[in-house]
Amino acid sequence: MKSKLILRKIFTLLKVQYSNMLEYRVEIALWAISGIIPFFMLNIWTNNNLNESINISDVMLSRYFLCAFFVRQFSVVWVVFSFEEDSLMGKVSPYLIQPLNPFFRYLAQHLAEQITRFPFAIIIAFFFFIFNPDSIWIPNLDILFLSIISTFLSFLIQFLIQSIVACLCFWTEKASAIERLLFIPTLFLSGLLAPVASFPKYVKSWIYLTPFPYLIDFPANLLSGNTTNISGGLSMQILWIILLFPVFRKVWFAGTKKYTAMGS
Amino acid sequence: MNKNIIDVKNLSKSFNIATKEPGLRGTIKHFFKRQSKSIKVIKDISFEIKEGEIVGFLGANGAGKTTILKILCGLIYPSEGSILVSGNLPFKRKENFLKNITLIMGQKQQLIWDLPPIESFYLNASIYDLDKFEANKRIKKLSDMLEIGDELFIPVRKLSLGQRMKSELLAALIHEPNILFLDEPTLGLDINAQRNLRKFLQKYNQETNATICLTSHYMKDITSLCKRVICVHNGSISYDGKLDLLLNKLSPIKEILIICRTEEDAIKLENSGFTIKNKTKNEITIKVENTFITSSLKTILNNFDIEDIYINEPPIDEIIGKILIQKDYEI
(Lines give C-alpha, C1' and ligand atoms only; values in the text may rest on other atoms or scores of the structure.)
Protein backbone atom coordinates (compact mmCIF):
# COMPACT_ATOMS: atom_id res chain seq x y z
CA MET A 1 0.00 0.00 0.00
CA LYS A 2 2.78 2.39 1.03
CA SER A 3 4.81 1.63 -2.11
CA LYS A 4 1.69 2.14 -4.22
CA LEU A 5 1.22 5.59 -2.69
CA ILE A 6 4.87 6.47 -3.28
CA LEU A 7 4.64 5.32 -6.89
CA ARG A 8 1.50 7.41 -7.40
CA LYS A 9 3.26 10.40 -5.86
CA ILE A 10 6.24 10.00 -8.23
CA PHE A 11 4.01 9.44 -11.25
CA THR A 12 1.79 12.46 -10.49
CA LEU A 13 4.80 14.69 -9.83
CA LEU A 14 6.35 13.68 -13.14
CA LYS A 15 3.07 13.98 -15.03
CA VAL A 16 2.31 17.46 -13.71
CA GLN A 17 5.86 18.71 -14.21
CA TYR A 18 5.92 17.26 -17.73
CA SER A 19 2.70 19.14 -18.56
CA ASN A 20 4.33 22.25 -17.14
CA MET A 21 7.52 21.74 -19.16
CA LEU A 22 5.56 21.30 -22.38
CA GLU A 23 4.42 24.90 -21.88
CA TYR A 24 8.09 25.87 -22.26
CA ARG A 25 8.93 23.60 -25.24
CA VAL A 26 10.42 26.40 -27.37
CA GLU A 27 12.63 27.49 -24.48
CA ILE A 28 13.73 23.89 -23.95
CA ALA A 29 14.52 23.49 -27.67
CA LEU A 30 16.73 26.59 -27.44
CA TRP A 31 18.43 25.22 -24.33
CA ALA A 32 19.08 21.95 -26.19
CA ILE A 33 20.62 23.85 -29.11
CA SER A 34 22.71 25.93 -26.71
CA GLY A 35 24.30 22.71 -25.43
CA ILE A 36 26.26 22.07 -28.62
CA ILE A 37 29.59 23.13 -27.09
CA PRO A 38 31.01 19.56 -27.50
CA PHE A 39 30.61 19.93 -31.28
CA PHE A 40 32.69 23.11 -31.28
CA MET A 41 35.31 21.29 -29.24
CA LEU A 42 35.26 18.40 -31.72
CA ASN A 43 35.93 20.86 -34.51
CA ILE A 44 38.90 22.36 -32.66
CA TRP A 45 40.31 18.89 -31.88
CA THR A 46 40.02 17.48 -35.39
CA ASN A 47 41.19 20.63 -37.20
CA ASN A 48 44.34 20.69 -35.10
CA ASN A 49 44.88 16.91 -35.15
CA LEU A 50 45.00 16.94 -31.37
CA ASN A 51 43.48 13.46 -31.19
CA GLU A 52 46.74 11.94 -32.44
CA SER A 53 48.43 12.84 -29.17
CA ILE A 54 46.03 10.64 -27.24
CA ASN A 55 45.69 7.84 -29.77
CA ILE A 56 42.00 8.29 -30.50
CA SER A 57 40.80 8.03 -34.08
CA ASP A 58 38.73 10.81 -35.68
CA VAL A 59 35.66 8.59 -35.68
CA MET A 60 36.00 7.65 -32.03
CA LEU A 61 36.58 11.27 -31.11
CA SER A 62 33.44 12.31 -33.03
CA ARG A 63 31.45 9.66 -31.21
CA TYR A 64 32.92 10.76 -27.88
CA PHE A 65 31.85 14.38 -28.35
CA LEU A 66 28.41 13.35 -29.61
CA CYS A 67 28.00 11.20 -26.49
CA ALA A 68 29.32 14.04 -24.34
CA PHE A 69 26.58 16.17 -25.89
CA PHE A 70 23.95 13.53 -25.06
CA VAL A 71 25.18 13.01 -21.50
CA ARG A 72 25.21 16.77 -20.95
CA GLN A 73 21.67 17.07 -22.33
CA PHE A 74 20.37 14.56 -19.83
CA SER A 75 22.39 15.57 -16.82
CA VAL A 76 22.11 19.34 -16.90
CA VAL A 77 21.04 20.75 -13.52
CA TRP A 78 19.81 24.22 -12.57
CA VAL A 79 18.27 23.53 -9.16
CA VAL A 80 20.44 26.12 -7.41
CA PHE A 81 18.95 28.93 -9.50
CA SER A 82 15.34 27.76 -9.08
CA PHE A 83 15.70 27.19 -5.36
CA GLU A 84 17.50 30.48 -4.81
CA GLU A 85 14.74 32.42 -6.57
CA ASP A 86 11.96 30.51 -4.80
CA SER A 87 13.55 30.89 -1.42
CA LEU A 88 14.27 34.62 -1.82
CA MET A 89 10.74 35.28 -3.10
CA GLY A 90 9.14 33.21 -0.34
CA LYS A 91 7.72 30.73 -2.85
CA VAL A 92 9.34 27.84 -1.03
CA SER A 93 7.27 28.47 2.13
CA PRO A 94 4.11 26.60 1.04
CA TYR A 95 6.24 23.65 -0.08
CA LEU A 96 8.06 23.49 3.26
CA ILE A 97 4.87 22.77 5.14
CA GLN A 98 3.87 19.92 2.85
CA PRO A 99 4.83 16.33 3.70
CA LEU A 100 7.25 16.16 0.77
CA ASN A 101 10.75 17.61 0.65
CA PRO A 102 10.62 20.49 -1.89
CA PHE A 103 13.68 19.07 -3.63
CA PHE A 104 11.51 16.24 -4.96
CA ARG A 105 9.57 18.89 -6.88
CA TYR A 106 12.80 20.20 -8.38
CA LEU A 107 13.95 16.67 -9.14
CA ALA A 108 10.68 15.98 -10.95
CA GLN A 109 11.05 19.28 -12.83
CA HIS A 110 14.49 18.22 -14.08
CA LEU A 111 13.35 14.75 -15.11
CA ALA A 112 10.31 16.17 -16.89
CA GLU A 113 12.54 18.67 -18.67
CA GLN A 114 14.79 15.82 -19.81
CA ILE A 115 11.82 13.98 -21.30
CA THR A 116 10.77 17.18 -23.10
CA ARG A 117 14.35 17.71 -24.30
CA PHE A 118 14.72 14.17 -25.70
CA PRO A 119 13.23 14.72 -29.21
CA PHE A 120 15.28 17.89 -29.72
CA ALA A 121 18.47 16.05 -28.75
CA ILE A 122 17.61 13.30 -31.26
CA ILE A 123 17.07 15.86 -34.03
CA ILE A 124 20.45 17.48 -33.27
CA ALA A 125 22.10 14.02 -33.34
CA PHE A 126 20.43 13.32 -36.69
CA PHE A 127 22.01 16.45 -38.18
CA PHE A 128 25.34 15.53 -36.61
CA PHE A 129 25.27 12.18 -38.43
CA ILE A 130 24.39 13.87 -41.72
CA PHE A 131 27.59 15.92 -41.45
CA ASN A 132 29.62 13.03 -39.94
CA PRO A 133 28.33 9.85 -41.63
CA ASP A 134 31.46 7.93 -40.60
CA SER A 135 30.50 8.33 -36.96
CA ILE A 136 27.25 6.41 -37.27
CA TRP A 137 27.22 3.41 -34.96
CA ILE A 138 24.71 1.40 -32.99
CA PRO A 139 25.82 0.64 -29.43
CA ASN A 140 24.86 -2.81 -28.18
CA LEU A 141 21.88 -2.98 -25.82
CA ASP A 142 23.92 -3.77 -22.70
CA ILE A 143 26.19 -0.79 -23.24
CA LEU A 144 23.20 1.43 -24.04
CA PHE A 145 21.46 0.34 -20.84
CA LEU A 146 24.60 0.89 -18.71
CA SER A 147 25.15 4.28 -20.36
CA ILE A 148 21.60 5.36 -19.49
CA ILE A 149 22.19 4.26 -15.88
CA SER A 150 25.54 6.05 -15.82
CA THR A 151 24.04 9.25 -17.27
CA PHE A 152 21.28 9.15 -14.65
CA LEU A 153 23.89 8.66 -11.90
CA SER A 154 25.83 11.60 -13.32
CA PHE A 155 22.64 13.66 -13.17
CA LEU A 156 22.08 12.61 -9.54
CA ILE A 157 25.65 13.57 -8.57
CA GLN A 158 25.21 17.01 -10.13
CA PHE A 159 21.75 17.39 -8.61
CA LEU A 160 23.09 16.58 -5.15
CA ILE A 161 26.09 18.92 -5.50
CA GLN A 162 23.84 21.77 -6.63
CA SER A 163 21.24 21.00 -3.98
CA ILE A 164 23.91 21.25 -1.29
CA VAL A 165 25.01 24.59 -2.72
CA ALA A 166 21.35 25.66 -3.04
CA CYS A 167 20.82 25.00 0.67
CA LEU A 168 23.49 27.60 1.38
CA CYS A 169 20.74 30.11 0.43
CA PHE A 170 19.61 29.74 4.01
CA TRP A 171 22.84 31.47 5.06
CA THR A 172 24.12 33.57 2.16
CA GLU A 173 21.02 34.37 0.02
CA LYS A 174 23.25 34.28 -3.09
CA ALA A 175 24.21 30.63 -3.27
CA SER A 176 24.38 30.70 -7.07
CA ALA A 177 27.60 32.74 -6.72
CA ILE A 178 29.15 29.73 -4.98
CA GLU A 179 27.89 27.49 -7.75
CA ARG A 180 29.84 29.65 -10.21
CA LEU A 181 33.02 28.52 -8.45
CA LEU A 182 32.13 24.92 -9.30
CA PHE A 183 31.36 25.77 -12.91
CA ILE A 184 35.02 26.11 -13.95
CA PRO A 185 36.20 22.69 -12.64
CA THR A 186 33.01 21.14 -14.02
CA LEU A 187 33.72 22.60 -17.44
CA PHE A 188 37.38 21.60 -17.60
CA LEU A 189 37.56 18.40 -15.57
CA SER A 190 34.31 16.72 -16.56
CA GLY A 191 35.35 15.90 -20.11
CA LEU A 192 33.07 18.41 -21.78
CA LEU A 193 35.91 20.35 -23.44
CA ALA A 194 38.41 17.49 -23.73
CA PRO A 195 38.44 13.79 -22.84
CA VAL A 196 40.09 13.33 -19.44
CA ALA A 197 42.47 10.90 -21.18
CA SER A 198 44.12 13.93 -22.78
CA PHE A 199 45.31 15.32 -19.43
CA PRO A 200 48.85 14.61 -18.17
CA LYS A 201 49.15 11.43 -16.11
CA TYR A 202 49.79 13.11 -12.73
CA VAL A 203 46.83 15.50 -13.26
CA LYS A 204 44.57 12.60 -14.22
CA SER A 205 45.37 10.75 -11.01
CA TRP A 206 44.08 13.76 -9.09
CA ILE A 207 41.07 14.35 -11.33
CA TYR A 208 39.82 10.82 -10.77
CA LEU A 209 39.64 11.51 -7.04
CA THR A 210 37.00 14.19 -7.72
CA PRO A 211 33.43 13.61 -8.92
CA PHE A 212 33.99 15.62 -12.13
CA PRO A 213 35.21 12.92 -14.58
CA TYR A 214 32.16 10.82 -13.69
CA LEU A 215 29.83 13.56 -14.85
CA ILE A 216 30.56 13.53 -18.61
CA ASP A 217 33.79 11.71 -19.42
CA PHE A 218 32.93 8.29 -18.00
CA PRO A 219 29.35 7.98 -19.36
CA ALA A 220 30.40 9.45 -22.74
CA ASN A 221 33.31 7.01 -23.08
CA LEU A 222 31.03 4.16 -22.08
CA LEU A 223 28.36 5.03 -24.65
CA SER A 224 30.81 5.79 -27.47
CA GLY A 225 32.52 2.42 -27.07
CA ASN A 226 35.91 3.76 -25.91
CA THR A 227 37.90 1.61 -23.53
CA THR A 228 36.79 2.31 -19.98
CA ASN A 229 36.57 0.59 -16.62
CA ILE A 230 32.79 0.09 -16.46
CA SER A 231 32.44 -1.42 -12.99
CA GLY A 232 35.00 1.01 -11.53
CA GLY A 233 33.28 4.02 -13.07
CA LEU A 234 29.77 2.99 -11.97
CA SER A 235 31.06 2.19 -8.47
CA MET A 236 32.66 5.62 -8.19
CA GLN A 237 29.42 7.28 -9.30
CA ILE A 238 27.44 5.35 -6.67
CA LEU A 239 30.10 6.13 -4.06
CA TRP A 240 29.83 9.87 -4.75
CA ILE A 241 26.03 9.69 -4.41
CA ILE A 242 26.39 7.82 -1.12
CA LEU A 243 28.85 10.45 0.12
CA LEU A 244 26.88 13.48 -1.06
CA PHE A 245 23.41 12.43 0.09
CA PRO A 246 24.06 12.63 3.87
CA VAL A 247 25.85 15.95 3.35
CA PHE A 248 22.75 17.26 1.57
CA ARG A 249 20.48 16.04 4.39
CA LYS A 250 22.67 17.63 7.04
CA VAL A 251 22.86 20.98 5.23
CA TRP A 252 19.12 20.84 4.53
CA PHE A 253 18.12 20.26 8.16
CA ALA A 254 20.60 22.86 9.43
CA GLY A 255 19.43 25.32 6.77
CA THR A 256 15.70 24.98 7.42
CA LYS A 257 16.38 25.94 11.04
CA LYS A 258 17.84 29.18 9.69
CA TYR A 259 14.95 29.81 7.29
CA THR A 260 13.31 33.16 7.89
CA ALA A 261 10.58 32.85 5.25
CA MET A 262 11.52 36.21 3.83
CA GLY A 263 9.42 37.61 1.04
CA SER A 264 6.31 36.02 2.48
CA MET B 1 -15.58 21.75 26.46
CA ASN B 2 -13.09 21.82 23.58
CA LYS B 3 -9.49 20.97 24.36
CA ASN B 4 -6.53 23.21 23.63
CA ILE B 5 -5.12 22.58 20.18
CA ILE B 6 -2.47 25.31 20.29
CA ASP B 7 -0.42 25.92 23.39
CA VAL B 8 2.23 28.64 23.35
CA LYS B 9 4.35 29.47 26.39
CA ASN B 10 6.94 32.27 26.66
CA LEU B 11 7.60 32.28 22.93
CA SER B 12 10.30 34.62 21.64
CA LYS B 13 11.89 35.00 18.24
CA SER B 14 14.95 37.05 17.31
CA PHE B 15 16.35 37.78 13.86
CA ASN B 16 19.84 38.93 12.99
CA ILE B 17 19.53 41.96 10.77
CA ALA B 18 22.48 43.39 8.82
CA THR B 19 23.01 47.10 9.36
CA LYS B 20 24.85 49.59 7.17
CA GLU B 21 25.76 53.22 7.64
CA PRO B 22 24.75 55.54 4.78
CA GLY B 23 27.17 56.93 2.21
CA LEU B 24 30.38 55.71 0.58
CA ARG B 25 32.23 55.38 3.88
CA GLY B 26 29.44 53.18 5.22
CA THR B 27 29.46 51.06 2.06
CA ILE B 28 33.24 50.46 2.23
CA LYS B 29 33.01 49.69 5.95
CA HIS B 30 30.13 47.33 5.22
CA PHE B 31 32.17 45.57 2.53
CA PHE B 32 35.07 44.79 4.88
CA LYS B 33 33.21 44.29 8.13
CA ARG B 34 29.57 43.31 8.16
CA GLN B 35 27.65 44.48 11.16
CA SER B 36 24.43 42.98 12.32
CA LYS B 37 22.19 43.32 15.28
CA SER B 38 19.76 40.94 16.87
CA ILE B 39 16.17 42.16 16.86
CA LYS B 40 13.61 40.47 19.06
CA VAL B 41 10.46 40.44 16.95
CA ILE B 42 8.40 38.24 19.30
CA LYS B 43 8.78 38.90 23.01
CA ASP B 44 7.83 36.28 25.54
CA ILE B 45 4.24 35.67 24.48
CA SER B 46 1.90 32.99 25.80
CA PHE B 47 -1.59 31.98 24.70
CA GLU B 48 -3.80 28.98 24.14
CA ILE B 49 -6.29 28.29 21.36
CA LYS B 50 -9.09 25.77 21.64
CA GLU B 51 -10.16 23.30 18.97
CA GLY B 52 -12.68 24.87 16.59
CA GLU B 53 -11.92 28.46 17.63
CA ILE B 54 -11.46 31.24 15.08
CA VAL B 55 -8.89 33.67 16.42
CA GLY B 56 -7.91 36.93 14.77
CA PHE B 57 -4.40 38.31 15.19
CA LEU B 58 -4.47 42.10 15.07
CA GLY B 59 -1.55 44.46 14.86
CA ALA B 60 0.14 47.13 12.81
CA ASN B 61 2.56 46.23 10.00
CA GLY B 62 5.69 44.66 11.49
CA ALA B 63 4.01 43.97 14.85
CA GLY B 64 4.83 40.25 14.58
CA LYS B 65 1.49 38.67 13.61
CA THR B 66 2.78 36.87 10.52
CA THR B 67 5.90 35.71 12.37
CA ILE B 68 3.67 34.12 15.01
CA LEU B 69 1.71 32.26 12.31
CA LYS B 70 4.93 31.13 10.61
CA ILE B 71 6.24 29.77 13.91
CA LEU B 72 2.93 28.04 14.66
CA CYS B 73 2.90 26.24 11.32
CA GLY B 74 6.55 25.20 11.65
CA LEU B 75 7.94 27.36 8.89
CA ILE B 76 10.43 29.12 11.14
CA TYR B 77 12.20 28.11 14.31
CA PRO B 78 11.39 29.81 17.61
CA SER B 79 14.33 31.29 19.55
CA GLU B 80 12.88 30.57 22.99
CA GLY B 81 9.77 29.13 24.59
CA SER B 82 7.59 26.12 23.97
CA ILE B 83 4.90 25.54 21.35
CA LEU B 84 2.58 22.61 20.91
CA VAL B 85 0.23 22.50 17.94
CA SER B 86 -2.13 19.52 18.05
CA GLY B 87 0.38 17.80 20.31
CA ASN B 88 3.34 18.36 17.98
CA LEU B 89 6.40 20.56 17.99
CA PRO B 90 5.72 22.44 14.74
CA PHE B 91 9.36 23.09 13.79
CA LYS B 92 10.00 19.31 13.68
CA ARG B 93 7.65 19.25 10.66
CA LYS B 94 6.59 15.64 11.24
CA GLU B 95 4.41 14.14 8.53
CA ASN B 96 1.32 13.65 10.73
CA PHE B 97 1.57 17.30 11.84
CA LEU B 98 1.94 18.64 8.30
CA LYS B 99 -1.06 16.60 7.18
CA ASN B 100 -3.16 18.40 9.81
CA ILE B 101 -2.33 22.00 9.01
CA THR B 102 -2.33 24.46 6.16
CA LEU B 103 -0.97 27.95 5.62
CA ILE B 104 -2.52 30.37 3.19
CA MET B 105 -0.75 33.60 2.46
CA GLY B 106 -2.77 36.17 0.58
CA GLN B 107 0.18 37.44 -1.38
CA LYS B 108 1.85 34.10 -2.13
CA GLN B 109 0.71 31.24 -4.29
CA GLN B 110 1.44 27.56 -4.54
CA LEU B 111 -0.52 26.86 -7.73
CA ILE B 112 1.55 26.10 -10.82
CA TRP B 113 1.30 29.31 -12.82
CA ASP B 114 1.11 27.88 -16.36
CA LEU B 115 -1.23 24.97 -15.67
CA PRO B 116 -4.93 24.85 -14.77
CA PRO B 117 -5.57 24.64 -10.99
CA ILE B 118 -6.90 21.07 -11.32
CA GLU B 119 -3.33 19.88 -12.03
CA SER B 120 -2.07 21.46 -8.78
CA PHE B 121 -5.00 19.89 -6.90
CA TYR B 122 -4.11 16.41 -8.16
CA LEU B 123 -0.48 17.03 -7.29
CA ASN B 124 -1.37 18.12 -3.75
CA ALA B 125 -3.76 15.18 -3.42
CA SER B 126 -0.95 12.74 -4.21
CA ILE B 127 1.44 14.57 -1.85
CA TYR B 128 -1.12 14.05 0.91
CA ASP B 129 -1.60 10.39 -0.08
CA LEU B 130 -5.17 10.73 -1.36
CA ASP B 131 -6.29 8.32 -4.05
CA LYS B 132 -7.92 9.64 -7.22
CA PHE B 133 -11.46 8.80 -6.08
CA GLU B 134 -11.01 10.62 -2.76
CA ALA B 135 -9.27 13.53 -4.49
CA ASN B 136 -12.13 13.93 -6.98
CA LYS B 137 -14.68 13.76 -4.16
CA ARG B 138 -12.93 16.49 -2.18
CA ILE B 139 -12.33 18.68 -5.24
CA LYS B 140 -16.06 18.42 -6.04
CA LYS B 141 -17.09 19.23 -2.47
CA LEU B 142 -14.73 22.18 -2.06
CA SER B 143 -15.37 23.59 -5.53
CA ASP B 144 -19.11 23.53 -4.77
CA MET B 145 -18.51 25.31 -1.47
CA LEU B 146 -16.23 27.86 -3.14
CA GLU B 147 -18.47 28.15 -6.20
CA ILE B 148 -15.76 27.42 -8.77
CA GLY B 149 -16.42 25.39 -11.91
CA ASP B 150 -14.85 26.12 -15.30
CA GLU B 151 -11.96 27.96 -13.64
CA LEU B 152 -10.55 24.58 -12.62
CA PHE B 153 -9.53 23.97 -16.22
CA ILE B 154 -8.15 27.41 -17.12
CA PRO B 155 -4.40 28.12 -16.65
CA VAL B 156 -3.77 29.94 -13.38
CA ARG B 157 -2.15 32.88 -15.16
CA LYS B 158 -5.47 33.58 -16.92
CA LEU B 159 -7.57 33.64 -13.73
CA SER B 160 -8.66 36.78 -11.89
CA LEU B 161 -7.26 37.42 -8.42
CA GLY B 162 -10.52 36.28 -6.79
CA GLN B 163 -10.68 33.07 -8.83
CA ARG B 164 -7.02 32.44 -8.07
CA MET B 165 -7.54 32.94 -4.35
CA LYS B 166 -10.44 30.48 -4.35
CA SER B 167 -8.25 27.97 -6.17
CA GLU B 168 -5.42 28.59 -3.68
CA LEU B 169 -7.87 27.82 -0.88
CA LEU B 170 -8.99 24.62 -2.55
CA ALA B 171 -5.37 23.53 -3.06
CA ALA B 172 -4.57 24.30 0.57
CA LEU B 173 -7.63 22.50 1.94
CA ILE B 174 -7.72 19.37 -0.19
CA HIS B 175 -6.19 17.34 2.65
CA GLU B 176 -8.92 18.61 5.03
CA PRO B 177 -6.60 20.12 7.65
CA ASN B 178 -7.75 20.65 11.25
CA ILE B 179 -5.83 23.87 11.66
CA LEU B 180 -5.81 26.73 9.17
CA PHE B 181 -3.27 29.53 9.35
CA LEU B 182 -4.47 32.36 7.17
CA ASP B 183 -2.24 35.36 6.60
CA GLU B 184 -4.30 38.14 5.03
CA PRO B 185 -6.37 35.78 2.88
CA THR B 186 -8.56 38.56 1.47
CA LEU B 187 -5.69 40.84 0.44
CA GLY B 188 -6.47 42.55 -2.85
CA LEU B 189 -9.89 40.93 -3.31
CA ASP B 190 -12.98 42.97 -4.19
CA ILE B 191 -15.84 43.32 -1.69
CA ASN B 192 -17.89 40.42 -3.10
CA ALA B 193 -14.92 38.09 -3.26
CA GLN B 194 -14.02 39.03 0.32
CA ARG B 195 -17.56 38.30 1.49
CA ASN B 196 -17.66 34.94 -0.32
CA LEU B 197 -14.35 33.93 1.19
CA ARG B 198 -15.54 34.82 4.69
CA LYS B 199 -18.75 32.85 4.12
CA PHE B 200 -16.70 29.89 2.99
CA LEU B 201 -14.40 30.01 6.00
CA GLN B 202 -17.39 30.22 8.36
CA LYS B 203 -18.99 27.23 6.67
CA TYR B 204 -15.74 25.26 6.69
CA ASN B 205 -15.32 25.96 10.40
CA GLN B 206 -18.90 24.89 11.17
CA GLU B 207 -18.73 21.71 9.09
CA THR B 208 -15.27 20.50 10.13
CA ASN B 209 -14.74 22.19 13.52
CA ALA B 210 -11.38 23.33 12.17
CA THR B 211 -9.35 25.84 14.17
CA ILE B 212 -8.58 29.02 12.26
CA CYS B 213 -5.84 31.53 13.06
CA LEU B 214 -6.25 34.61 10.93
CA THR B 215 -4.46 37.87 10.33
CA SER B 216 -6.08 40.59 8.28
CA HIS B 217 -6.02 44.33 7.84
CA TYR B 218 -9.67 44.24 6.71
CA MET B 219 -11.67 44.68 9.89
CA LYS B 220 -14.72 43.09 8.34
CA ASP B 221 -12.78 39.79 8.16
CA ILE B 222 -12.07 40.00 11.86
CA THR B 223 -15.50 41.16 13.02
CA SER B 224 -17.45 38.66 10.95
CA LEU B 225 -15.23 35.63 11.64
CA CYS B 226 -13.53 36.04 15.01
CA LYS B 227 -15.11 36.07 18.44
CA ARG B 228 -11.65 36.22 19.98
CA VAL B 229 -8.76 38.46 19.01
CA ILE B 230 -5.13 38.60 20.01
CA CYS B 231 -3.65 42.07 19.61
CA VAL B 232 0.08 42.14 18.91
CA HIS B 233 2.06 45.30 19.55
CA ASN B 234 5.83 45.35 18.94
CA GLY B 235 6.06 41.58 19.37
CA SER B 236 4.09 41.45 22.64
CA ILE B 237 0.45 40.61 23.24
CA SER B 238 -1.43 43.75 24.26
CA TYR B 239 -4.87 42.13 24.42
CA ASP B 240 -6.16 38.58 24.28
CA GLY B 241 -9.89 38.09 24.68
CA LYS B 242 -13.35 38.58 23.24
CA LEU B 243 -13.68 41.08 20.43
CA ASP B 244 -17.03 42.35 21.81
CA LEU B 245 -15.50 43.15 25.18
CA LEU B 246 -12.68 45.03 23.54
CA LEU B 247 -15.03 47.04 21.35
CA ASN B 248 -17.27 47.86 24.33
CA LYS B 249 -14.30 48.96 26.32
CA LEU B 250 -12.98 51.17 23.57
CA SER B 251 -16.33 52.51 22.50
CA PRO B 252 -18.71 52.26 25.48
CA ILE B 253 -21.27 54.73 24.14
CA LYS B 254 -23.55 54.52 21.11
CA GLU B 255 -25.43 57.34 19.45
CA ILE B 256 -29.16 56.99 18.73
CA LEU B 257 -30.86 59.23 16.20
CA ILE B 258 -34.59 59.54 17.00
CA ILE B 259 -37.06 61.09 14.58
CA CYS B 260 -40.19 62.15 16.48
CA ARG B 261 -43.57 62.63 14.76
CA THR B 262 -43.94 66.14 16.15
CA GLU B 263 -41.61 68.83 17.41
CA GLU B 264 -43.43 68.76 20.76
CA ASP B 265 -42.41 65.14 21.25
CA ALA B 266 -38.80 66.06 20.47
CA ILE B 267 -38.91 68.82 23.13
CA LYS B 268 -40.46 66.38 25.62
CA LEU B 269 -37.69 63.86 24.84
CA GLU B 270 -35.03 66.55 25.20
CA ASN B 271 -36.19 67.23 28.74
CA SER B 272 -36.56 63.61 29.81
CA GLY B 273 -33.04 63.15 31.20
CA PHE B 274 -31.15 61.58 28.25
CA THR B 275 -27.71 62.93 27.30
CA ILE B 276 -28.37 64.98 24.18
CA LYS B 277 -25.76 65.30 21.45
CA ASN B 278 -27.79 67.60 19.17
CA LYS B 279 -31.34 68.48 18.18
CA THR B 280 -32.91 69.93 15.02
CA LYS B 281 -36.72 70.35 14.87
CA ASN B 282 -38.17 66.84 15.37
CA GLU B 283 -34.79 65.00 15.10
CA ILE B 284 -32.77 64.40 18.21
CA THR B 285 -29.49 62.48 18.77
CA ILE B 286 -28.88 61.03 22.22
CA LYS B 287 -25.85 59.24 23.72
CA VAL B 288 -26.48 55.97 25.56
CA GLU B 289 -24.10 53.55 27.24
CA ASN B 290 -24.01 50.16 25.46
CA THR B 291 -25.40 48.37 28.51
CA PHE B 292 -28.51 50.61 28.61
CA ILE B 293 -29.39 50.53 24.91
CA THR B 294 -32.32 48.07 25.23
CA SER B 295 -33.89 49.68 28.28
CA SER B 296 -33.49 53.18 26.82
CA LEU B 297 -35.12 52.15 23.54
CA LYS B 298 -37.99 50.55 25.46
CA THR B 299 -38.57 53.78 27.45
CA ILE B 300 -38.47 55.94 24.34
CA LEU B 301 -40.85 53.74 22.31
CA ASN B 302 -43.34 53.47 25.21
CA ASN B 303 -43.44 57.18 26.10
CA PHE B 304 -42.97 59.09 22.86
CA ASP B 305 -44.56 59.14 19.41
CA ILE B 306 -41.61 58.02 17.30
CA GLU B 307 -41.42 57.94 13.49
CA ASP B 308 -38.00 56.28 13.11
CA ILE B 309 -34.89 55.29 15.07
CA TYR B 310 -31.26 54.77 13.92
CA ILE B 311 -28.49 53.33 16.09
CA ASN B 312 -25.13 54.60 14.89
CA GLU B 313 -22.45 51.97 15.27
CA PRO B 314 -19.04 53.54 15.89
CA PRO B 315 -16.68 53.02 12.91
CA ILE B 316 -14.89 49.79 13.74
CA ASP B 317 -11.75 50.66 11.78
CA GLU B 318 -11.23 53.70 13.99
CA ILE B 319 -11.63 51.65 17.14
CA ILE B 320 -9.29 48.92 16.00
CA GLY B 321 -6.88 51.60 14.83
CA LYS B 322 -6.59 52.70 18.46
CA ILE B 323 -5.54 49.18 19.45
CA LEU B 324 -2.77 49.07 16.89
CA ILE B 325 -0.98 52.06 18.36
CA GLN B 326 -1.55 51.40 22.07
CA LYS B 327 0.44 49.04 24.23
CA ASP B 328 -1.95 47.44 26.70
CA TYR B 329 -5.65 46.84 27.09
CA GLU B 330 -6.84 45.67 30.48
CA ILE B 331 -10.42 44.45 30.31
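How many bridges join strand S10 of chain B to strand S12 of chain B? Seven bridges link S10 (residues 253-260) with S12 (residues 283-289), and these two strands of chain B run antiparallel. Everything shown here belongs to a predicted model, in which local features need pLDDT of at least 70, side-chain atom pairs count only at pLDDT 80 or more, and totals for chains, interfaces and linings use all residues. Residues are numbered from 1 along each chain as its sequence is written, while chains are lettered from A and ligands numbered from 1 in the order in which they are written.

**View 1. The open sheet of chain B.** Four strands of chain B, in the order S11-S12-S10-S13, form an open sheet with antiparallel pairing; two strands pair if DSSP finds at least two bridges between them, and strands (E, at least two residues) and helices (H or I, at least four) are DSSP runs numbered from the N terminus. Strands S11 (275-280) and S13 (306-312) of chain B stand at the edges with a single partner strand each, so one side of each is left without a neighbour in the sheet. Within the sheet, Ile256(B) stands opposite Ile286(B) in S12(B). Helix H10 (residues 263-270) of chain B packs on the sheet and touches S10, S11 and S12 of chain B, its direction making about 150 degrees with that of S10(B); axes are lines fitted to C-alpha atoms, for helices over the stretch in contact, and angles run from 0 to 180 degrees between N-to-C directions.

**View 2. Helices H5 and H6 of chain B.** The axes of H5 (residues 132-146) and H6 (residues 161-173) of chain B come within 10 Å and cross at roughly 145 degrees. Ile139(B), Leu142(B), Ser143(B) and Leu146(B) of H5(B) make the contact with Lys166(B), Leu169(B), Leu170(B) and Leu173(B) of H6(B), where two residues are in contact if their C-beta atoms, placed from the backbone, lie within 7 Å.

**View 3. Where chain A meets chain B.** In this view, 23 residues of chain A are in contact with 25 residues of chain B. Helix H1 (2-22) and helix H6 (92-96) of chain A are the elements that give two or more residues to the side of chain A that touches chain B, and the largest share of that side, eight residues, comes from H1(A).

**View 4. Confidence along chain A.** Chain A averages a pLDDT of 89, pLDDT being the predictor's confidence in each residue, from 0 to 100. Confidence in chain A is lowest in helix H2 (residues 25-34), at a mean of 80, and highest in helix H8 (residues 141-167), at 96.
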